[in-house]
Amino acid sequence: MEDKKLIVIDCDGVLYPKEKLPTKEIVCAVRKAFEKKGISWEYVNDCLVEFNKSGKKGMFNFITTVARASYVGVDELSRQIAEEMDYSRIAPNPQLLEKIKKIQKKYEVCIYTNNTKYHLEKVYQRLFGCSFWETEIPAFHIETIKNKDVYCAKQSKESVWFLSKFFAVNPENMMFVDDTISVLDSVREQGASILFVNQNFNLSDALDYIEQISSNKQRICRHGRTPFDRMYKRDSFTQELF
């Protein structure tokens, strides 16, 4: 368990640029799906009030709350939301898949999204021309981990524990490649290494950087010496990247 390393790669904004499917359009797709299932926006707002009181978090948990309150199947609603999204601007990128597979020869690698399996499937079909279960790269989605009646995001302690058991890797030997600050904050607190992806440092750059670390057999200190530190303004880090 000590020697194994795991790279956890996000989907939205990492596998493809966020501007190809912005959050605003995702919210619009959710609204259209609600309307097609006969769920009024007024009723959705009422559900939001109750959802906030429950202490639950996350878009999918909210969608689940609305679906159950409306007697609509959660799976059915998730599928409809994916159908309402326009994935046509996500350009095919088979080279990226090959690059991920190259890294996989040295490290354990997985894709993990806080979105649904239907969304992940659509993204894979556009990017790689195949289903996410057809590649040799494990892929997980928001429905992977559930604690009681709450679906757990990938940055949750439950999900990090799941990854640790699934791959037999300690959190200290995980690296999360993500574009969401709150995700990176959370997993960093649990001991994982992190790489921040944005328009100036995309996934391809991040994989090159990881390859460089591996090839040079470096242990690079997280103290202003990584691409992450140059773009992510937080306190200095002292732990080492693997």
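User: What makes α2 and α3 neighbours, and which residues meet?

Analyst: This is a predicted model. In it, Y43, V44, C47, L48 and F51 of α2 meet N61, F62, T65, V66 and A69 of α3. Contact here means heavy atoms within 4.5 Å. The axes of the two helices, α2 (residues 41-54) and α3, come within 10 Å.

User: What makes the backbone of Y71 worth a remark?

Analyst: Its phi is positive, about 60 degrees, although Y71 is not a glycine. Most residues other than glycine have a negative phi.

User: What about K148: buried or exposed?

Analyst: Exposed. The relative accessible area of K148 is 76%, and the cut-off is over 50%. K148 also has a positive phi of about 60 degrees without being a glycine. Its loop lies between β4 (146-147) and β5 (150-151).

User: Why do β3 and β7 count as edge strands?

Analyst: The open sheet has five strands in the order β3-β2-β1-β6-β7, with parallel pairing. β3 (139-140) and β7 (193-196) each have a single partner strand, so one side of each lacks a neighbour in the sheet.

User: How do you know that β1 and β6 pair?

Analyst: Pairing takes at least two bridges. Four bridges join β1 (residues 6-9) to β6 (residues 174-178), and the two strands run parallel. I9 has V177 as its bridge partner in β6.

User: Which helices lie across the sheet strands?

Analyst: Helix α7 (residues 157-167) lies across β1, β2 (108-112), β3 and β6, at about 145 degrees to β2. Helix α8 (residues 181-189) lies across β6 and β7, at about 165 degrees to β7. Over 145 degrees counts as roughly antiparallel, so α8 and β7 fall in that class.

User: Which residues touch the most other members of the largest nonpolar core?

Analyst: I7, I9, L15, I100, V177 and L203, out of 59 residues. Beyond four places away in sequence, L15 touches residues including I9, I100, F128 and L203. A second, separate core has 19 residues, among them I145, F162, V169 and V187.

Notes:
Residues numbered from 1 in each chain as written. Predicted model: local features only at pLDDT ≥ 70, side-chain atom pairs only at ≥ 80, totals over all residues. Heavy atoms only, no water. Axes fitted to C-alpha atoms, helices over the stretch in contact; angles between N-to-C directions. Core = buried A, V, L, I, M, F, W, Y, C linked by side-chain atoms within 4.5 Å. Buried < 20%, exposed > 50% of the residue type's maximum accessible area, 1.4 Å probe, protein only.
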